[in-house]
Amino acid sequence: MTNHWIDIGNSDCILISGSNAAENHPISFKYVVKAMRKGAKLISVDPRFTRTSSKADIFAPMRSGTDIALLGGMIKYILDNKLYNKKYVSAYTNAPFIVGKKFSFKNGLFSGYNRKARKYDKSTWAFAMDKKGVPKMDRGLKDPRCVFQLLKKHYSRYNTKLVSQITGTSEADLKKVYKAYTATGKTGKAGTIMYAMGWTQHTVGTQNIRTMAMIQLLLGNIGVAGGGVNALRGESNVQGSTDHCLLWHIWPGYLKTPRASNVSLAAYNKKWTPKSKDPISANWWQNYPKYSVSMLKSFFGDNATKAKAFGYNWLPKVDDGKAYSWLDLFDEMYKGTVKGFFAWGQNPACSGANAGKNRQAMKNLDWMVNVNIFDNETGSFWHGPGMNPSTIKTEVFMLPCCVSFEKEGSVTNSGRWSQWRYQGPKPLGNTKADGDIMMELGFKLKELYKKSGVFPEPIMNLKWDYMTNGMYDSHKVAKEINGYFLKNVDFPKKKKSFKKGQLVPSFAYLKADGSTSSGNWLYCNSYTEKGNMAARRGQEDAVNKIGLYPKFSWCWPVNRRIIYNRASVDLKGRPWDKKDWVVKWTGKKWIGDVPDGGWPPLGSLEKPNPKSKWAFIMRKHGHAQIFGPGRADGPFPEHYEPLECPIEKNFMSKERMNPTAAVYATDADAYLTCDPRYPLVGTTYRVVEHWQTGAMTRPQPWLLEMQPQVFVEMSEKLAKLKGIKNGERVLATSARGSLECTAIVTKRFKPFKIGKNVVHQVGFPWCFGWRWPETGKEESANLLTPAVGDPNTRIPETKAFMCNVSKL
Amino acid sequence: MPGKSFFVDTTVCTACRGCQVACKQWHGLPAEKTVNRGSYQNPADLSFVTYKLVRFEEVVVKKKLKWLFFADQCRHCLEPPCEMTADDPTAIFRDSATGAVLYTANTKKLDAQAVIDSCPYNIPRAAKDGTLAKCDMCIDRVENGLLPACVKTCPTGAMNFGSRKEMLALAKKRKAKVKGAKLLDAGDIRVIYMVTEDPKLYHKFAVASIGAFDVSRAVAMKRMVRPLTDLTARL
C-alpha cells in the first residue's frame, strides 16, 4: 500500500477490483464503512457479485482477465473529458517527457519486439535527452511526442463500445464506473483502489496495476489522503517477507539480486545505481552502494573486509536472462534438476498453479523438509490421490514449528507498518520458532562445512550471532536489520557523531565504506537508540488529524505513513486537499506526515528552487511514470487476452496474448484456448471462512462447519444448460486436471456477452485439499489452473483460464 | 426502559460470520456436521448448538440483485412469549439488570414445542432430551463489563450493544441517515435490526407476524389478566 488501512476512511470513492475485500480482508471494511458514512461511493468490479459487491453503490461485472480494457477505457474517459489534474500531471509525472523517435506501437506490439526470443529491446522506448542528459520536456503537454500525447493516442482505441465487447460489462455500467471514479480528479477529492490477487495473478498482472497507477496519477490521487494504489496483502506478514527478500530477484530492501555479469561489487553497484544529470532530481537510489555494502556488512560482520569486497563474491549470482521464480523452480523440479526442497510455511501441493504438476514434481526430489504447524498436502504428497507410495523415493522430514502467537517478533502489514508482537503462550510440545530452526540449521551447516565442502566461505563467514542463552533472539535480528555503526563515525555536515556499536538512527546515515551495517536499509530507523519503534503503541494522531497515528508501531520508510506525499501539495507546498491534508509547508519546514525529503517546495516549474527536488524522489528523473519504459511487456499497458481465453481473436489487436508471457513446456503444461471441450472461463478465489490453502482453517471445526466443501459457482443459465441442480456434486475439468465439487447455482454469476457470443464464467475457491476434511474428497482448485506467468514477476495466471463443468 | 439492547445494522454487515464463530467459541459449542447445500448459509438453521446464524438471501428488487445478510439470534423480547408460555422462572426468566431472557437446564421439564411455537421469531431449539437453548446475550461477559462476543468481533459496526437508551438513539440516528431504512419491532424487543428491504426478504421470521404474540393459548390467557396499557402499547 502507498497509504494504509486507516487511510481508506479518508477516501471519497473506493474502487474494489481484483479483490473481494469484504471476504478476504474483512477488517478493511471497518474503514470502507467509515468512508461511506462520510459520503464516499463504493464501486465493485468483479466477474461475480460478491459479499463486497453487496455493499457497493455500483457493481459492474466483467469477464476475468480483461481489466486493462476496462481501465484503459477509464483513461480514455479521463482524457476525453479533461478530468485529469493538469497541474499535478504536468509537474509530478513524466507526462511532459519527450519519448525518443524509435518508440512506436503497431498491431498490438511495441517497438523492439523479437518474436523468437519473445522479448522487447527496451532501448527503443528511451526518452529523448537534452544536451545536459536530462529528459526533454513539454510542460504544456502539447508536443506530439510527449508522453501525454502518446498516452492519448494509445488509449484512443479504448472506446466504451469496444471495451464492452471485450469485458462483457455493459456500456451503461462502464460509464457509471468511469463517472463515479473519475470525479475524484477534482482538486481536494481522493479516490482509492483496493486490489489483490484478482489483478496480479494474470499474464498481464503487473500492467493491470500499472494501468490503475496511471489513472491515479492522472487524477492526482497519489500521495494524498484517501488515495494511492493499495495492494491488500494476502498474509499478515507478506509485506514484511517481500521487504526482506522473499522473491528471487530481490535482496532485502528491494536491492537487486546480482547477475552473473555483475562480476564484482563495483560492477554490481555501477549496474544498479541510477545516475541522473538533473540537479533537481533527488534520484534516491543514487545511495544504492551505501545500502548494498551495509547489507553485506550485516551478513558477514568483521569478515566482510573491504579487501574481500565486503563478501560480495560469497553471495550467489543468478544467470543473466534466467528466471528462478516459483513457476521456474517447480518446472525444474518436474524436470528433475532440483533435488532438495524446503517447503517452509507453504503448501504448494494446493497453492501453486497447476498443483498436479507440483505434486508430480515432488516425486523427483531426494528430500523435502516440510516446516509447518500441521502436516499438509505437501508433506503428505506421497500418499495423496493417484500416488503409489512404494514407487516414491522422496524422503520427507516434518519439522513442526510453533504459531506466530507463540513467539516474539515483528509483522509488517499491508500498510507497511512493522508491528512488534510479544509472545503469548509458549510453543506447544516440541514445536520451535522458525528462528530457532533456522539458527540450528545454520550452525549445522557451519559444522559440516568446517569438515569439508565446496566453496565454504558463504556459510563459514556468516555472522550468525542472533542467539541469547541458546535461543533465537528476535530483538538481535531486529537490531541487525536496522543496523549499527561499526566504527566511530562523524557527519560534519549534519553536525552529528556516532560511536561504534550504536544503532543507526536512519538510512540517511548509512555508508558505503563498511563503517555501517544494515540488514535492510528500508528498515533503518525501526530499532534505534531510542528503542524498538515497532513496539510503540502511542494513540495520538498527528497535527493533520487524518489517522496517521505516527507513534503507533513504525512504518517504512522512516515512519512515512503515506508515501509520495510531496505530490499532495502544489508547487508552493500548499495541500490540494485543504481539509484532509498530508503535509504542508509552513515557510520554514514541512508539518504533518514525514515528508518525502525535507527540501523546500519547488516554487515554480520554470524556475524551480535550486534547493528543492522533484516530488517522486525514488524515480531517476524525479517524476512518476505514466510512461514506464522499464517493464518487460511495454511502456503502456495494452489489453491482451489471458493465455487461455474464450475468443479466437483479440478485439484490440492481432496479438491475442501477452507476447512476452512466461510459458512452460513440460508434458504437464497443457494450455487450450477456444477448445470446445473447455468452453467456460474459470477463476479462483478465497472465502472469508478459510485462509489460503486452508491448512490452518480446515482442521478448525467452526470454520469447516461454515464452508465444508469445495464448490463451483455458476449462473442459473449455465446450470440450466448443463442440467445441473443447486447443491449437487459436479465434475470440473481443464486441460490440466479435474475437480469434484458442489454446484452453487447463483444469481451472482451472469453470462457475459463477449462480442457476438455468450460466454459463461464459473469460479472456485482454492482453500481445499485432500488431507482434510477426512473424506479426502475436497481438493484444490489449483489442479485446474495453468502454470503460466507474468513476464515481469512470473506470478501465475490462476485468475483466468478455461475449463468445463459437467454432471457427475 | 432500562436494561441492555443490541442494534444490528444490516446495511453494513458483510456476512463475514465472525459473530457466528465468536458465539460458538465463547459458549464452547461444537461444530455441526454440514454439507454445502448450494448456499453459503451453514449450518442450515439455528440449533441447540448454534445460537447465532447469518442467513443469506439472493433477491432481485426492482431489477437489482441484492445479497441480503441477516445475523439471526434471540431478540430478548421485552415481554417474552417464551417466558410466559413456560411460566416457570427456574426454567426461563429475565435478568433484571440487563433484560436478557435466559434459559436454564430446567427447560428440560417444559413442553419444548409449546415454547418454540410461542416464539414469534422462531428462535429456541431443543436438544434430544427436550432442553432448550438460544442466545444468552453473553450474560457472563456483560455482567463483567464486556461486550457480547458477537459484538466484540464485528469488524464493521453491524453489531452494537449498550444501554437500551443508547441503542435506540443509535438506531434512530442511523435510520435517519440511510435511505429507506426501517427498524424491526423496535418497541418490543432488545435486538433491534435495521434493514432497507422488505424484512421478509431477509428471513421469514425477521419480524413478528401480526398476532404473533397470540400464538399460544397460555400467552393469551396471561394477557387477559395483564393491564390494558400493555396491550395498547403493542398496537
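**View 1. Chain B and its elements.** Chain B holds nine helices and 10 strands, where helices (H or I, at least four residues) and strands (E, at least two) are DSSP runs numbered from the N terminus. This is a predicted model, in which local features need pLDDT of at least 70 and side-chain atom pairs count only at pLDDT 80 or more, whereas totals for chains, interfaces and linings use all residues. Side-chain values use heavy atoms, with hydrogens and water left out, and residues are numbered from 1 along each chain as its sequence is written. Of the 235 residues of chain B, 58% count as buried, that is, under 20% relative accessible area (1.4 Å probe, protein chains only).

**View 2. The interface of chain B and chain A.** In contact (heavy atoms within 4.5 Å) are 38 residues of chain B and 37 residues of chain A. The area buried between the two chains, meaning the accessible area (1.4 Å probe) that both lose on being put together, summed over both, is about 3000 Å², and carbon and sulfur atoms give 58% of that area. On the side of chain B, the residues that lose the most area to chain A are B:Asn36, B:Tyr40 and B:Trp67, together 24% of what that side buries.

**View 3. Salt bridges across the interface.** Five salt bridges are found by the rule between chain B and chain A, each a side-chain nitrogen of Lys or Arg within 4 Å of a carboxyl oxygen of Asp or Glu. A:Glu774 forms a salt bridge with B:Lys33, with the closest N and O atoms 3.8 Å apart. Helix 1 (18-27), strand 2 (53-61) and strand 3 (64-72) of chain B are the elements that give two or more residues to the side touching chain A.

Definitions and conventions
Chains are lettered from A and ligands numbered from 1 in the order in which they are written. Buried means under 20% relative accessible area, exposed over 50%, partly exposed in between (1.4 Å probe, protein chains only).
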